Amino acid sequence: QVQLVESGGGLVQAGGSLRLSCAASGRSFADYAVGWFRQAPGKEREFVTAVSGSGGSTYLAGSVKGRFTISRDNAKNTVYLQMNSLKSEDTALYYCAAAGRMYLGRWCEGAHEYDYWGQGTQVTVSS
């Protein structure tokens, strides 16, 4: 069982930066790949990025490449999402999720592949 709690969301101007955190409780956190998804009002949940259990590999959606970076600190049971050059279209509720797989692949884009979800943190980018 893994519990996830997101933090770090807020209101930021376009072009600004935010860092989200996803704190996990439970054992063997390094056995889980972790992904970030987002959902804007009236839209479907969208894959953003994922990191392998070790932190050695990452996978990013095309819309955020070059702007967002995912990392993890397994000693702190925390995954981070650094978001730079934010745009108004990045406005959404951001969720982290954990999947009982250590290694990444195309599967990580699918929300149904994840076993545990946090409650989300709101990111609002003003233009």
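The legends below describe close-up views of a predicted model. Local features are given where pLDDT is at least 70, side-chain atom pairs count only at pLDDT 80 or more, and totals for chains, interfaces and linings use all residues. Residues are numbered from 1 along each chain as its sequence is written, and side-chain values use heavy atoms, with hydrogens and water left out.

**View 1. The open sheet of four strands.** Strands (DSSP runs of E, at least two residues, numbered from the N terminus) pair if DSSP finds at least two bridges between them. The 4 strands of this open sheet follow the order S1-S3-S8-S7 and pair antiparallel. Strand S1 (3-7) and strand S7 (68-73) are at the edges with a single partner strand each, so one side of each has no neighbour in the sheet. From one strand to the next the twist averages 15 degrees; axes are lines fitted to C-alpha atoms, and angles run from 0 to 180 degrees between N-to-C directions. S1 and strand S3 (residues 18-25) run antiparallel and are joined by 5 bridges. Opposite Val5 stands Ala23 in S3.

**View 2. Strand S11 and its partners.** Buried means under 20% relative accessible area, with a 1.4 Å probe and protein chains only. Strand S2 (residues 10-13) pairs with S11 in the parallel sense over 4 bridges, and Leu11 has Thr124 in S11 as its bridge partner. S9 and S11 run antiparallel, joined by 3 bridges. Gln122 in S11 stands opposite Leu93.

**View 3. The surroundings of Thr49.** Thr49 lies in strand S5 (residues 46-51). Thr49 has a relative accessible area of 0% and is buried. A polar atom of the Thr49 side chain lies 2.8 Å from the backbone oxygen of Tyr59. Leaving aside neighbours within four places in sequence, Thr49 is in contact (heavy atoms within 4.5 Å) with residues including Val34, Trp36, Leu60 and Ile70.

**View 4. The largest nonpolar core.** A nonpolar core is a set of buried Ala, Val, Leu, Ile, Met, Phe, Trp, Tyr and Cys residues joined through side-chain atoms within 4.5 Å. The largest one has 38 residues, and among those with the most contacts inside it are Leu4, Trp36, Phe68 and Tyr114. The largest share of this core, 6 residues, comes from S9. Not counting residues up to four places away in sequence, Tyr114 touches residues including Phe37, Phe47, Trp107 and Cys108.

Technical notes:
Buried means under 20% relative accessible area, exposed over 50%, partly exposed in between (1.4 Å probe, protein chains only). A polar contact is a pair of N or O atoms within 3.5 Å; within protein, one must be able to donate a hydrogen and the other to accept it, and residues adjacent in sequence count only if both atoms are side-chain atoms.
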